[in-house]
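Please consider the structure shown below, together with its sequence. The paragraphs that follow lead through selected parts of it.

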Amino acid sequence: MSAHALFDTQGPRGRATVRIVTMLSVVAAFALAALVYWQLYRTGQLAPSKWRTFTQPGTLRYFADALRNTALAALGAAAIGLPLGLVLALGRLSRRRWLRLPSTAVIELFRAVPVLLVIYVFMFALPAYGIRLSIYAKLVIPIGLCAAAVLAEVFRAGVLAVPRGQTEAGLAVGLREGLVMRIVVFPQALRMVIPALVAQSVVVVKDTAFGYVVSYPELMQSGKVLVANTNDLIQTYLVITLVYVVVNVLISAFAQRLERRMNRARGMGRVSILARVRRTAIQ
C-alpha cells in the first residue's frame, strides 16, 4: 500500500464501484468537453481570425513577460512562506509558552483570513499609517504570510508523524533536543510532507492571480488588459488557463521526480543519519 494512502485497501466490491464511478466521470467529462467545443464552434469562437492575435510576436512577448512576473511573484511568496512556515511550526511545537502561544496565534489568524483581505490591508490600511510598499510587495507579502500559516501546519504534521521512538533514541545517545530535531526528525518529516508542499506551491501560483487587485502585471492582469484591447475574451482566458495548467503540471512532475529520488535514497539516508548521530554523540 502507498505510504501516502488515506484509506485502507478496498475489497472487490469497492474496486468495482470505483471503476464504475471513474468510467461515468470520464464519460461525463468528455460529454461536457464536447458540448463546450460545439458551442464555441457554433458561435465562431474557434475561427482562425479569432486566434491570429496569439501568433503575433508582440503578443507572445507580452505573455512571456506576464509569465515571468507570475513566476517572480510565486517565488517571492515561497521565499517568505517556506522559512516563516518552518519557524512558526517549530514555535508551535515548542514547550515554551512564550514561543508556542504567539506562533499558534499567527498561524490561526492567517489560516482563517482570506488572502484577498490581507491584500486589502496592505493596500489601504498600511498606507493610512504611512507604510507604503511597492506593488510587488503588496501582492507577494500577503500571499507569503497566508502560505506560511498553511505550511507551518504541514511541517508540524510531518514532525508529529515521525515515530516518537526516533526522538527518544537520539536523546538516549546524549543528543540535545534541538539537534535531534535537525538531524533525525526533520529530514524524515520533510520526506513525508513533499506532496503537501507541492499542493501548496500550486496554490501559491494560483494566488498570484490576485495581482489584478494591485495592478501587478501577472498573467490574469495582463490578460485583462489584452481583452480590453482585442475583445478576444474567450480566447485570451483559454490561453491563460492552458498556461496555468502547464505550469502546475510541471511543478507536480518535478515534485514526483524529487520524491522518487528521495525514496531511492531513503535507505542510504537512514545510514547517514545514524552515522551523524554516532559522530555527534562521540563529540
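Beyond its neighbours within four places in sequence, L60 is in contact with F54 and T55, contact meaning heavy atoms within 4.5 Å. L60 belongs to helix 3 (residues 57–93); helices are DSSP runs of H or I with at least four residues, numbered from the N terminus. Because its relative accessibility is 48%, L60 counts as partly exposed, a class lying between buried (under 20% relative accessible area) and exposed (over 50%), with a 1.4 Å probe and protein chains only.

The model is predicted, so local features need pLDDT of at least 70 and side-chain atom pairs count only at pLDDT 80 or more, while totals for chains, interfaces and linings use all residues. Residues are numbered from 1 along each chain as its sequence is written, and side-chain values use heavy atoms, leaving out hydrogens and water.

Helix 1 (residues 12–42) has 31 residues, so at 1.5 Å a residue it should span 45 Å, in agreement with the 45 Å between its end C-alpha atoms; the expected span is 1.5 Å times one less than the number of residues. Just after helix 1, G44 adopts a positive phi of about 80 degrees.

The axes of helix 6 (residues 135–161) and helix 9 (residues 194–207) come within 11 Å and cross at roughly 165 degrees. Helix 6 is therefore roughly antiparallel to helix 9, a term for angles over 145 degrees. The contact involves L139, I143, A147, V150, L151, V154 and F155 of helix 6, and A196, L197, Q200, V204 and D207 of helix 9. Of these contact residues, ten are nonpolar, one is polar and one is charged.

Technical notes. Axes fitted to C-alpha atoms, helices over the stretch in contact; angles between N-to-C directions. Helix = DSSP H or I, 4+ residues; strand = E, 2+ residues; numbered from the N terminus. Parallel < 35°, antiparallel > 145°, perpendicular 65-115°, else oblique. Nonpolar A, V, L, I, M, F, W, Y, C, P; charged D, E, K, R; others polar.
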